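Subject: Structure handover

Hello,

Here is the structure we talked about. Please open it alongside this note.

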Amino acid sequence: MVLGLTPLQPGCTPNEALRRVAWLLERGRAGSYRVQAFRRAADVIAGMPQSELASAIGSGALTDLPGLGPATAGVVTEAARGELPAYLQSLQDKAAESLAPGGEHLYQLVVGDLHSHSDWSDGGAPITEMVLAAVELGQDWLALTDHSPRLKIARGLSAARLREQLVVVDGINQSLGERFRLLRGIEVDILEDGTLDQEPALLDELDVVTASVHSKLRAPRDVMTARMLGAVRNPRVNVLGHATGQLVEGSRGQRPPSQFDAAAVFSACAETGVAVEINSRPERCDPPDELIRLAEERGCLFAINSDAHAPGQLDMKAYGCERATRLGIPADRIVTTWAADRVLEWARAGR
Ligand SMILES: [Zn+2]
Ligand SMILES: [Zn+2]
């Protein structure tokens, strides 16, 4: 199995073509308005009877439909003729290159992801869309890690909503069979006192817990160190998410890394078996290189995660792969290269 997206061929349906265009735009970090235009168009035509769609294509009246413009109508028309739409072709040609040259070998080994969001919190897509994208990428497993209650801005899940979500996740797993596994997870906030923002008994029911700091990032060094140590030493935690909280580019601007005793925190991670996340999002690029080196020296495990909030962003793990390769992190120390069963065993071991 080769990981990465298999290009669509002539003969794909208009719906497949539109969705793939959206996916590729998202992967290339196009604006969400542009991406959504293609997904909306896909939804519109999916809801139409075949005969109606055929007659709209035949009479050139596609752009009269709500949600379809010249670009989306062009893709539909060309796909309906049995051609590979030119716009899709150009995007696929671009996507033949890795997002981050240098990390290709490791990319082929990363079969899972311990950090992703759905529209249950601040993600842009339903859970099933995220799963489908991970399957199309050739991954074997994905952890769904929506936010916890205190992160209101991201519509963090209350205990009741998380319980509801777990039922949905179980249903998806039943329908997937052996081919793919959706892990029951959370990105839980590390609260100011180092405790976790979710009921302990509910955390116990999850397969994996990624814990991250999202508030008071400018706290004094000793305060932040104690806070992070509290989380890392909590036996329920498996992954330390975006350790410094830094932002290096993008629409949210820049944010300096938070200050903490990284040697102490990473030593604790190594002792407790908590994986240090290599957050692949280009605007985060977290932890910075020198801290990844330090974590490596301390003997930590790592998790190359996408932190995807939309299907196309799952491929951003390529950036994390490039960084880990450049910094010489051995693949077997990266838990997202492991099979799902091994990950589950590791995640339960510390509890
Ligand atoms: Zn986060
Ligand atoms: Zn996240």
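I start with His242. Not counting residues up to four places away in sequence, His242 touches His115, Glu187, Ser212, Val213, His214, Glu277, Asn279, Arg284, Asp286 and Asp307. Contact here means heavy atoms within 4.5 Å. His242 is found in the loop between E4 and H11. Helices (H or I, at least four residues) and strands (E, at least two) are DSSP runs, numbered from the N terminus. With a relative accessible area of 2%, His242 is buried. The classes are buried under 20% relative accessible area, exposed over 50% and partly exposed in between, with a 1.4 Å probe and protein chains only. From His242 to Pro257, 15 residues along the chain, the C-alpha separation is 9.9 Å.

A word on conventions. This is a predicted model, so local features need pLDDT of at least 70 and side-chain atom pairs count only at pLDDT 80 or more, while totals for chains, interfaces and linings use all residues. Residues are numbered from 1 along each chain as its sequence is written, chains are lettered from A and ligands numbered from 1 in the order in which they are written, and side-chain values use heavy atoms, with hydrogens and water left out.

**The zinc site**

Which residues hold the zinc ion (ligand 1) as protein donors? They are Glu187 (OE), His214 (NE2) and His242 (NE2), lying 2.1 Å from the ion. Donors are N, O and S atoms within 2.8 Å of the metal (3.2 Å for Na, K and Ca); water is not among the atoms, so sites may look incomplete. The donor spacing in sequence is E-x26-H-x27-H. Glu187 also bridges to the zinc ion (ligand 2), and the two ions lie 3.4 Å apart. His214 sits in the loop between strand E3 (208-212) and helix H10 (221-232), and His242 in the loop between strand E4 (239-240) and helix H11 (262-272), so the pair ties together parts that are 28 residues apart in sequence.

Leaving aside neighbours within four places in sequence, its contacts include Glu187 and His214, along with His117, Ser121, Asp122 and His309. His147 is found in the loop between strand E1 (141-144) and helix H8 (159-176). His147 is buried, at a relative accessible area of 5%. Asp43 is 104 residues from His147 along the chain, and their C-alpha atoms are separated by 27 Å.

**Backbone points to check**

Look at the loop between strand E5 (275-279) and helix H12 (289-297), where Pro287 is found. A cis peptide bond joins Asp286 and Pro287, with omega about 0°. Cys285 is in the loop between E5 and H12 too. Cys285 is not a glycine, yet has a positive phi of about 45°. Cys285 counts as partly exposed, at 27% relative accessibility.

Asp307 is not a glycine either, and its phi is positive at about 55°. Asp307 is found in the loop between strand E6 (301-305) and helix H13 (317-326). Is Asp307 buried or exposed? At 3% relative accessibility, Asp307 counts as buried.

**Helix H8**

Leu166 has its place in helix H8. Leu166 counts as buried, at 4% relative accessibility. Beyond neighbours within four places in sequence, Leu166 is in contact with Arg184, Leu202, Glu205 and Leu206. Leu166 and Glu83 are 83 residues apart in sequence and 41 Å apart in space, C-alpha to C-alpha.

**The whole protein**

The secondary structure comes to 14 helices and 6 strands. The C-alpha trace spans about 70 × 45 × 40 Å along its principal axes. Of the 351 residues, 54% count as buried. Among contacts with a separation of 6 or more, 75% come from residues 24 or more positions apart.

The protein exposes about 14,700 Å², and carbon and sulfur atoms supply 53% of it. Accessible areas come from the Shrake-Rupley method with a 1.4 Å probe; for residues, only the protein chains shown count as cover.

Best wishes
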